[in-house]
Amino acid sequence: SPTSFFQPNAYQVENLFSEILALAEPGQDSLVYDLYCGLGAISLFLARTCRSVLGVENHSESVRMAAENAERNSVENCSFVAADVVEALKSDFIKRNGQPKVLILDPPRAGLHPDVVKGLLRVKPKRIVYTSCNPATQSRDLKVLIEEYRVLAVQPVDMFPQTFHIESVVALELGNGPAT
């Protein structure tokens, strides 16, 4: 759809998704939330490695296409919800859908709304993998998240060769202190 978003560099997208998967380490028993899931590409990529993935996106047309992509690819352990990410981090949503072990973030360039950061600190998934095309807003958000999380890894992925733009993938684990 012309109103949807997908990574513009199709050649590097598999490398980006592989980095997200490697840092997420979901495990076969894990429930994964993919917030800002868009068309569900990351959700579908992770689905083979976990019990289930719940993609959350506020753009209903993207959610419809994500469900269609799951069906076309015979992926049965992904579901998608049209909701604001802030709502997905509220206790009633978690009670209905389950406590995520791993949470994937790939927000717009503006980064996370402060209420999303507060929600993450309330929900406390064991691991967060935060992907961003804007390291400045990612850094701003990480400054707050490290109140409860420690940074395990930071991996840049060059999605835009011959420019200064990168995708930055950061793995966070619940618990204060230096990374191991």
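**Strands, helices and salt bridges**

Q: Is K118 buried or exposed?
A: K118 is exposed, with a relative accessible area of 53%. Buried means under 20% relative accessible area, exposed means over 50%, and partly exposed is in between (1.4 Å probe, protein chains only).

Q: What kind of model is this, and how are residues numbered?
A: This is a predicted model, where local features need pLDDT of at least 70 and side-chain atom pairs count only at pLDDT 80 or more, while totals for chains, interfaces and linings use all residues. Residues are numbered from 1 along each chain as its sequence is written, and side-chain values use heavy atoms, with hydrogens and water left out.

Q: Back to K118. Which residue does K118 form a salt bridge with?
A: D115, with the closest N and O atoms 4.0 Å apart. A salt bridge is a side-chain nitrogen of Lys or Arg within 4 Å of a carboxyl oxygen of Asp or Glu.

Q: How many residues apart are D115 and K118?
A: They are three residues apart in helix α6, so about one helical turn separates them. Helices (H or I, at least four residues) and strands (E, at least two) are DSSP runs, numbered from the N terminus. D115 is partly exposed at 34% relative accessibility.

Q: Which residues are joined into one salt-bridge network?
A: E25, R127, R150 and E173, through salt bridges that share partners.

Q: How many salt bridges does the structure hold?
A: The structure holds 11.

Q: What does R64 form a salt bridge with?
A: E68, at 3.0 Å between the closest N and O atoms. Both sit in helix α3 (residues 60–72), four residues apart, which puts about one helical turn between them. R64 is partly exposed at 43%, and E68 is partly exposed at 31%.

Q: And which residue does D92 meet in a salt bridge?
A: R96, at 3.7 Å from N to O. They are four residues apart in helix α5 (residues 91–97), so about one helical turn separates them. D92 counts as partly exposed at 43% relative accessibility, while R96 counts as exposed at 58%.

Q: New topic. What is the strand order in the sheet?
A: The order is β3-β2-β1-β4-β5-β7-β6, in an open sheet of seven strands with mixed pairing. Two strands pair if DSSP finds at least two bridges between them.

Q: Which strands stand at the edges?
A: β3 (78–82) and β6 (149–157). Each has a single partner strand, so one side of each is left without a neighbour in the sheet.

Q: How many degrees is the average twist?
A: The twist averages 15 degrees from one strand to the next. Axes are lines fitted to C-alpha atoms, for helices over the stretch in contact, and angles run from 0 to 180 degrees between N-to-C directions.

Q: In which sense do β4 and β5 pair?
A: Parallel, over four bridges, with β4 at residues 102–105 and β5 at residues 127–132. L105 stands opposite Y130 in β5.

Q: Which strands does helix α7 touch?
A: Helix α7 (residues 135–145) packs on the sheet and touches β5, β6 and β7. Contact means heavy atoms within 4.5 Å. The direction of α7 makes about 160 degrees with that of β5.

Q: Last one. What is the phi of E25?
A: Near 40 degrees, a positive value in a residue other than glycine. E25 lies in the loop between α1 and β1 (31–35), and counts as exposed at 53% relative accessibility.
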